[in-house]
Amino acid sequence: MRTRLMILAGIRAGDRGLISGAAVGVGTAMVEVPAVCGAYTVAGVRQPGLHDRVKALAPDGRGTS
């Protein structure tokens, strides 16, 4: 299901994106949104202890690192 945000941003399956600050606030949402429509997300976090938390945001941990 494509949301209005995905349509406005032009996010499509197979796209790739880099999310900086993915462990907090808007960054957290921006990890989830592209994953829903099949886009590949590379998420960056400053603290190594937050990697697993961010990886769990995407369905099946798809595309996050």
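A: Start with the surface. Accessible areas here come from the Shrake-Rupley method with a 1.4 Å probe. The model is predicted. Its protein chain exposes about 4300 Å². Carbon and sulfur atoms supply 58% of that area.

Q: What share of the 65 residues is buried?

A: Buried residues account for 32% of the protein chain.

Q: How many helices and strands are there in the protein chain, and in what order do the elements run from the N terminus?

A: Count them, then follow the path. The chain has three helices and two strands. Reading from the N terminus, the order is α-β-α-β-α.

Q: In which sense do E1 and E2 pair?

A: Look at the strand direction and the bridges. E1 covers residues 16-20, and E2 covers residues 40-44. They pair in the parallel sense, over five bridges. As one case, Arg 16 has Tyr 40 in E2 as its bridge partner.

Q: What unit do E1, H2 and E2 make?

A: Trace the path from strand to helix to strand. E1, helix H2 (residues 25-36) and E2 form a β-α-β unit, and this unit is right-handed. Just after H2, Gly 38 has a positive phi of about 90°.

Q: Which residues of H2 are buried?

A: Go along the helix. The buried residues of H2 are Gly 27, Thr 28, Val 31, Val 33, Pro 34 and Ala 35.

Q: Why does Thr 28 count as buried?

A: Compare its value with the cut-off. Buried means under 20% relative accessible area. Thr 28 is at 19%, so it counts as buried. The residue lies in helix H2.

Q: Which residues form the largest nonpolar core?

A: Seven residues make up this core: Ile 19, Ala 22, Ala 23, Val 31, Ala 43, Val 45 and Val 54.

Q: Among contacts between residues at least 6 apart in sequence, what share joins residues at least 24 apart?

A: For the protein chain, that share is 47%.

Definitions and conventions. Residues are numbered from 1 along each chain as its sequence is written. This is a predicted model: local features need pLDDT of at least 70, side-chain atom pairs count only at pLDDT 80 or more; totals for chains, interfaces and linings use all residues. Side-chain values use heavy atoms; hydrogens and water are left out. A nonpolar core is a set of buried Ala, Val, Leu, Ile, Met, Phe, Trp, Tyr and Cys residues joined through side-chain atoms within 4.5 Å. Buried means under 20% relative accessible area, exposed over 50%, partly exposed in between (1.4 Å probe, protein chains only). Two strands pair if DSSP finds at least two bridges between them. Helices (H or I, at least four residues) and strands (E, at least two) are DSSP runs, numbered from the N terminus. A crossover is right-handed if, with the strands pointing away from the viewer, the path from the first strand over the helix to the second runs clockwise. Contact means heavy atoms within 4.5 Å.
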